[in-house]
Amino acid sequence: MISVGLFNYWACMVLMMIGLYTAIARPNLVKKLIGLSIFQVSVFLLYITVGKVSGGTAPILGEGIEAYSNPLPHVLILTAIVVGIATLSLGLALVVRIGEAYDTIEEDEIIERDIVND
Amino acid sequence: MTEILDIALLSFMIVLAIAVSRMQNLFMAAMMTGIFSFLSAIVFTLLDAVDVAFTEAAVGAGVSTVLLLGTLSLTTREEKIVKKNNALALLVVLITGSALIYGTLDMPNYGDPNAPVHQHVADRYIEKSGEEMGIPNIVTSVLASYRGYDTLGEVTVIFTAGIGVILLLGHIWRKEDEQ
């Protein structure tokens, strides 16, 4: 029997680090947003891991069930997923607009063009 | 068994995330992000969060992949090749990550029923929501009834985001109408 222990939290943190690095270091704007969604998924996993109870079932009431996992983190994360898609869509719309105005979606080229225009 | 699956799927997610981060082809990166979301949906199912799992599968893997592909069709498919790694960013990320991992050492173990999060209001919802709301799914009764105003606020957020997208991209459709 393998024990998970704290592995889930560490996996969340590693995913968070990958997402954060992608969002900071990659110059491509679409790649930055992909990094942001990896970051978000890591936060979702962290919350859902906290809500898990060993031997529990999904929080749907039924006969003869002893233990349920905690439903409250699930509610929080449901809201967070939907808000996440709203921010992603707005971010992508901004990327499309930037692409039209500058003819590129690479951050360093956009900054260069700004300097030339000034 | 679920423990092995949990560890295997999370490891696979980490590998996929690194692959997505390093990939030059944005079309492939978008598809891999979809796979990443599906994997996270499976992990949510293992962790008993079935409602979160199907929302993630529909919204995270479905809608966000479509949005990413739509953006790529309006901009570009290839990322510019970046040779050097950004050392400063790596340093910041490593410091943040190690501080957070240090923080997890005090967290309760996976599935611990005595964890602080299970000691407060959750039991009340599990015991009473069935008779108060008359629906068996506790997540639904909290989301739609006890915290209904939060869900209304969420709808406001989506509405605002929708208006923002229309304002930013509306001229594309207008241009098509004129042609």
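User: Does Asp103(A) count as buried or exposed?

Analyst: The model is a predicted one. A residue counts as exposed when its relative accessible area is over 50% and as buried when that area is under 20%. Asp103(A) has a relative accessibility of 68%, so it counts as exposed. Asp103(A) is placed in the loop that joins helix 3 to helix 4 (107-117) of chain A.

User: Where does Asp48(B) lie, and is Asp48(B) buried or exposed?

Analyst: Asp48(B) sits in the loop between helix 2 and helix 3 of chain B. Its relative accessibility is 10%, and because buried means under 20%, Asp48(B) counts as buried.

User: Let us turn to whole chains. How many helices and strands does chain A have, and how many does chain B have?

Analyst: One counts the elements and then reads their order from the N terminus. Chain A has 4 helices and 0 strands, in the order α-α-α-α. Chain B has 7 helices and 0 strands, and its elements run α-α-α-α-α-α-α. The radius of gyration of chain B is 21 Å, well over the 16 Å that the globule rule gives for 179 residues, so chain B is more spread out than a compact globule.

User: What radius of gyration does chain A have?

Analyst: The value is set beside that of a compact globule with the given number of residues. For 118 residues such a globule would have a radius of gyration near 13 Å, but chain A has 20 Å. The C-alpha trace of chain A spans about 70 × 30 × 15 Å along its principal axes. For chain B the corresponding spans are about 60 × 45 × 30 Å.

User: What share of the residues in each chain counts as buried?

Analyst: The share is given per chain. In chain A, buried residues make up 58% of the 118 residues; in chain B, 37% of the 179 residues count as buried. As to surface, chain A exposes about 4900 Å², 63% of it from carbon and sulfur atoms. Chain B has an accessible surface of about 10400 Å², with 68% belonging to carbon and sulfur atoms.

User: Which residues have the most contacts inside the largest nonpolar core?

Analyst: A core is read by its members and by the elements that supply them. The largest nonpolar core has 57 residues, and those with the most contacts inside it are Val30(A), Leu45(A), Met13(B), Phe36(B), Phe44(B) and Val52(B). Among the elements that each supply at least two residues of this core are helix 1 (7-25), helix 2 (29-51) and helix 3 (71-102) of chain A, as well as helix 1 (2-22) and helix 2 (26-46) of chain B. Leaving aside residues up to four places away in sequence, Leu45(A) touches Cys12(A) and Leu15(A) as well as Leu10(B), Met13(B), Val43(B) and Phe44(B). A second, separate core of 7 residues includes Met16(A), Tyr21(A), Ala89(B) and Val93(B).

User: Where does Tyr21(A) lie, and what does Tyr21(A) touch?

Analyst: Tyr21(A) belongs to helix 1 of chain A and, at 14% relative accessibility, counts as buried. Beyond residues up to four places away in sequence, Tyr21(A) touches Arg26(A) and also Asn85(B), Asn86(B), Ala89(B), Leu90(B) and Val93(B).

Methods:
Residues numbered from 1 in each chain as written. Chains lettered and ligands numbered in written order. Predicted model: local features only at pLDDT ≥ 70, side-chain atom pairs only at ≥ 80, totals over all residues. Heavy atoms only, no water. Rg over C-alpha atoms; globule rule 2.2 N^0.38 Å. Buried < 20%, exposed > 50% of the residue type's maximum accessible area, 1.4 Å probe, protein only. Areas by Shrake-Rupley, 256 points an atom, 1.4 Å probe, with all protein chains shown as cover. Core = buried A, V, L, I, M, F, W, Y, C linked by side-chain atoms within 4.5 Å. Contact = heavy atoms within 4.5 Å.
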